[in-house]
Each structure stands twice: as structure tokens, then as C-alpha cells.
Amino acid sequence: LTEGKDWVRNEHGHVEHPLCLRARKAAMDLWGHAERRGLLGEDGDKDLHDMIFQCQIAGAKLAGALNHLAYDEDNDGGFVVAALKRALNYLHEAIAFTGKVEAKRLIEPEWMTAFHKELFEIREEVLSLMKRYREDAG
């Protein structure tokens with residue numbers, strides 16, 4: 001009943017929350033672009049590495065908070081909010097690193113603008129979900 005809202009099937013056919021899929025895709029798209037340009041690896045820029053890593057961790061934390069929603073009918077709103085807060089911390093770190101990476105002009109401005117915008121949109125969805133699950137818990 002909650003397909004499309006609390007879960008979708010990813011490119012491998014596995015159940016995943018749409019926001020987790022979105023965060024993972026944002027990190028992997030930028031990682032792939034940076035990799036193709038030779039910006040990663042042992043001599044790669046630390047801020048670029050950290051920005052992508054923080055986004056990947058945020059995606060993993062979102063998965064821990066949300067992917068079970070496809071299977072659980074009785075959701076613990078308090079747990080979901082707490083787990084989303086953890087994800088939000090990593091998302092904020094990724095957002096902070098975008099400024100450092102943009103200043104170094106390592107990635108084309110259109111890529112960074114789109115990535116930065118995507119992180120803020122994911123952040124807004126996380127805040128919206130936190131509000132929803134706080135109301136459900138209270």
C-alpha cells in the first residue's frame with residue numbers, strides 16, 4: 001500500500017526508500033564524474049573525497065532509518081526521527097564541504113550547483129519526514 005511513498009524498487013529490483021535511493025544516486029553520480037576526471041584516488045583532493053563520503057554515509061544512515069518502512073506496519077516514530085537526525089548530521093557535513101570544493105573549482109560549476117541543490121532538497125525531505133514521524137510518535 002505504501003509503494004512509491006515509503007518504498008520503490010531500485011535498479012537491481014531491491015526495495016529501498018525513495019529518499020535513500022536519491023541520496024545514494026547523488027553521491028554515486030558525483031563520484032563517477034570525479035572518477036572519470038581523475039580527481040579521486042590516493043592523490044585526490046581531500047575535501048572532494050570527504051564531501052562524497054559524507055553524502056554516502058548520509059545515504060546509509062537514511063537507509064537505516066527508512067528502508068524498513070516497506071516491511072513494518074508498526075513503525076516507531078521516535079526511532080525514525082532519531083535515525084533521521086543522525087543522517088542529517090552527515091548531510092550537513094556534505095553540504096559544508098560543497099563550499100570548499102566549489103572554491104577550488106575542481107568540479108564544473110553546473111555539476112556542483114546541481115549537487116548542492118540536490119543535497120538541500122534531500123535535507124528538506126528529511127526535515128519533512130522528521131516532522132511527520134514526530135507527529136506520529138506524539
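A salt bridge here is a side-chain nitrogen of Lys or Arg within 4 Å of a carboxyl oxygen of Asp or Glu. Glutamate 124 and arginine 123 form one, with their closest N and O atoms 3.1 Å apart. Salt bridges with shared partners also join Arg22, Lys117, Glu118, Glu121 and Glu125 into one network.

A word on the basis. This is a predicted model, in which local features need pLDDT of at least 70 and side-chain atom pairs count only at pLDDT 80 or more, while totals for chains, interfaces and linings use all residues. Residues are numbered from 1 along each chain as its sequence is written, and side-chain values use heavy atoms, leaving out hydrogens and water.

The whole structure has twelve salt bridges. One of them pairs glutamate 108 with arginine 37, closest N and O atoms 3.6 Å apart. That pair links distant parts of the chain, 71 residues apart: glutamate 108 sits in the loop between H3 and H4, arginine 37 in the loop between H1 and H2. Helices are DSSP runs of H or I, at least four residues, numbered from the N terminus.

On accessibility, buried means under 20% relative accessible area, exposed over 50%, and partly exposed in between, with a 1.4 Å probe and protein chains only. Glutamate 108 is partly exposed at 24%, and arginine 37 is partly exposed at 40%.

Note on methods. Helix = DSSP H or I, 4+ residues; strand = E, 2+ residues; numbered from the N terminus.
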